[in-house]
Structures are given as C-alpha cells and as structure tokens.
Amino acid sequence: MTITRNLAQWDRAARFALGLLLIVLAYAGIIGPWGYAGAIFLATAVMNFCPLYRVVGFKTCTDC
C-alpha cells in the first residue's frame with residue numbers, strides 16, 4: 001500500500017490544532033484520558049494522509 005497525500009493544507013492545520021488541544025486538555029485533567037486520542041489527529045496531520053479518507057474514497061486536497 002502506498003501512502004499518497006489526501007489532506008488539504010487547511011485540513012492538516014485543523015487536525016494538528018484539534019489533536020494538540022485534546023492532548024493538552026487530557027494532560028491538564030480537564031477531559032478524560034480519551035483526549036490522548038488526539039495523537040491520531042496529530043499523526044495524520046504530520047503524515048498528510050488519513051487512512052479513513054482512503055477507505056471511503058474521499059480527499060480534501062485538489063492538487064493530489
């Protein structure tokens with residue numbers, strides 16, 4: 001399986017921000033430990049690839 005880019009820049013930024021927010025809130029004890037699932041959002045933003053998008057055949061980038 002080849003990992004091909006399927007996230008637009010705005011999608012990557014949103015994933016990164018949401019992932020970081022969830023991790024910070026979980027670390028601070030404001031939300032439960034499920035907030036560490038924000039690491040998934042961070043990982044997909046860094047890789048510029050969302051496996052779920054690939055499964056459903058969706059992508060947000062226009063030039064990929």
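Start by selecting Leu-20: this residue is partly exposed, with a relative accessible area of 42%. Leu-20 sits in helix α1. The model on your screen is predicted.

**The surface patch**

Which helix gives the most to the patch? Helix α1 does, with 3 residues.

**The whole chain**

Now zoom out and show the whole protein as a cartoon. You will find 3 helices and 0 strands. Read from the N terminus, the order of elements is α-α-α. The C-alpha atoms fill a box of roughly 40 × 20 × 15 Å along the principal axes. Switch to a surface view. The protein exposes about 4400 Å². Carbon and sulfur atoms supply 72% of that area. How much of the protein is buried? Of its 64 residues, 30% count as buried. Consider the contacts between residues at least 6 apart in sequence: 64% of them join residues at least 24 apart.

**Helix α2**

Next, select residues 38-47, which make up helix α2. Colour Gly-38, Leu-42, Thr-44 and Ala-45, which are buried. Turn the view to look down the axis of α2. The buried residues fall within an arc of 165°, so they line one face of the helix. What do they pack against? Their partners are α1 (9-27) and α3 (51-56). Then step past the end of α2 to Asn-48. The phi of Asn-48 is positive, near 60°.

**Two salt bridges**

Side chains of opposite charge can pair when their charged atoms come close. This protein has 2 salt bridges.

For one of them, select Arg-5 and Asp-63. Their side chains meet at 2.6 Å, N to O. This pair links distant parts of the chain, 58 residues apart. Arg-5 lies in the segment before α1, and Asp-63 in the segment after α3. Are these residues buried or exposed? Arg-5 is partly exposed, with a relative accessible area of 35%. Asp-63 is exposed, at 62%.

For the other, select Arg-15 and Asp-11. Here the side chains meet at 3.2 Å, N to O. Both residues lie in helix α1. They are 4 residues apart, about one turn of the helix. Arg-15 is buried, and Asp-11 is buried too.

**Thr-60 and its surroundings**

The side chains of Thr-60 and Asp-11 make a polar contact of 3.1 Å. Where is Thr-60 found? Its place is the segment after α3. Thr-60 is buried, with a relative accessible area of 15%.

Finish by showing the contacts of Thr-60, leaving aside neighbours within four places in sequence. Thr-60 is in contact with Asn-6, Leu-7, Ala-8, Trp-10, Asp-11 and Tyr-53.

Definitions and conventions
Residues are numbered from 1 along each chain as its sequence is written. This is a predicted model: local features need pLDDT of at least 70, side-chain atom pairs count only at pLDDT 80 or more; totals for chains, interfaces and linings use all residues. Side-chain values use heavy atoms; hydrogens and water are left out. Buried means under 20% relative accessible area, exposed over 50%, partly exposed in between (1.4 Å probe, protein chains only). Helices (H or I, at least four residues) and strands (E, at least two) are DSSP runs, numbered from the N terminus. The arc is that of the directions from the helix axis to the C-beta atoms. Contact means heavy atoms within 4.5 Å. A salt bridge is a side-chain nitrogen of Lys or Arg within 4 Å of a carboxyl oxygen of Asp or Glu. Accessible areas come from the Shrake-Rupley method with a 1.4 Å probe; for residues, only the protein chains shown count as cover. A polar contact is a pair of N or O atoms within 3.5 Å; within protein, one must be able to donate a hydrogen and the other to accept it, and residues adjacent in sequence count only if both atoms are side-chain atoms.
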